[in-house]
Amino acid sequence: MNKGMIACCILLTTVVGGLNYTMAKLGLHIASPFLLLAIRFLGSGLLLLPFVIRRKHPASAKQWLHVAGVSLFQTILVMTFIYLSLHTISASTSAILSSTNPIWTILFAFLFFRSRYRAVQWVGVVIGFMGVIVTQNFNMQMNEGTIYALLAGMFWGFGTLVASRWSKAMDTWVLTAYQMLFAGIVLLLASLTLEQPYLHLVSNGNSWGLTLTVLIWMICFSSIFQFLPWFYVLKHYSPSKASTFMFLVPLFGILSGALILGETIHWYVIAGGLCTGIGITLVNRPAKPVRDALKLGSSGQAKGKINGVYCSVRE
């Protein structure tokens, strides 16, 4: 595992992820949510297609279903709820609430994958949820925007577990391209059936320059330059540890919302973000080494049980 490559991929993913909220807010002046997402993913998937056509493709129907599953949980549901949330809440608040995904990751891993966690990690879950309440200025109004952003975080957390398990047997470029194409087709159908689609390229105060900037960002940066490194990280790194760094996403989201959209950064948004960050850090706090968990005898051999399993380590 190339640690330098992992670090660069995580940094690229978090910076782009934070800026996405601001660019999405601008994009909603250009097109309706489902149509904008369909343009984004169809465009990026078609751009990647020539680069993956000769790479190793899924060899069975089960693997193709895994591609569709990753697309559903990691892309379609997450991005849909984020975009819907931006209609009623600020980009910074949406970034914080949806970036609670590491907390949901540990909950879903416990509920669905029988993972066991330590007390300090459950304390992190509680503190993380307290951060969500603080972000709302201690007035947790479950309006549409708040619910949508939290749902995005939930599906992001579950999607992280799914993508980590299913991506290991697939080529990262192939998975990225086809899951985006699948998402684009599904979201285009959703636009035609679930909303009144609109596309205003140069109206509503939009200029050609703004429209092209938003569309290029959506197709290239938000999709290709975010999903490729993220799937690479999930394939070669622990999903729980990778999720810890996702707290950088709301940080970049808050800064970009203030600099580009002129959004006010309230003290309780920062305080709530810090609480969420502390919670996420505790959730992903590494366990003590095996040697520290065992009692060292006079012979230099440590013996004991960890999680009910007898272990022995010799100095």
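Which residues do ring pairs link into a cluster? Select F73, W104, F108, F112 and F158: ring pairs join these residues into a cluster. The model is predicted, so local features need pLDDT of at least 70 and side-chain atom pairs count only at pLDDT 80 or more, while totals for chains, interfaces and linings use all residues. Residues are numbered from 1 along each chain as its sequence is written, and side-chain values use heavy atoms, with hydrogens and water left out.

**Stop 1: the rings**

Rings of Phe, Tyr and Trp (its six-membered ring) pair if their centres lie within 6.5 Å; planes under 30 degrees apart count as stacked, over 60 as edge-to-face and the rest as tilted. The count by this rule is eight aromatic pairs. Keep F108 and F158 selected: their pair is edge-to-face, with 5.9 Å centre to centre and 85 degrees between the planes. F108 sits in helix α5 (residues 101–112) and F158 in helix α7 (residues 144–166), so the pair links distant parts of the chain, 50 residues apart. Helices here are DSSP runs (H or I, at least four residues), numbered from the N terminus.

Buried means under 20% relative accessible area, exposed over 50%, and partly exposed in between (1.4 Å probe, protein chains only).

**Stop 2: the salt bridge**

Next, select R55 and D171, which form a salt bridge whose closest N and O atoms are 3.1 Å apart. R55 is in the loop between α2 (33–52) and α3 (61–85), and D171 is in the loop between α7 and α8 (172–194), so the pair ties together parts 116 residues apart in sequence. The structure holds one salt bridge, defined as a side-chain nitrogen of Lys or Arg within 4 Å of a carboxyl oxygen of Asp or Glu. R55 is partly exposed, at 37% relative accessibility.

**Stop 3: two helices**

Now show α2 and helix α9 (residues 208–236), whose axes come within 9 Å and cross at roughly 60 degrees. That makes α2 oblique to α9. Axes are lines fitted to C-alpha atoms, for helices over the stretch in contact, and angles run from 0 to 180 degrees between N-to-C directions. Under 35 degrees counts as roughly parallel, over 145 as roughly antiparallel, 65 to 115 as roughly perpendicular and the rest as oblique.

**Stop 4: cysteines**

Finally, select C220, which is partly exposed with a relative accessible area of 22%, and C275, partly exposed with 23%. How many disulfides does a search of the whole structure find? The search finds zero, where a disulfide is a pair of cysteine sulfur atoms within 2.5 Å.
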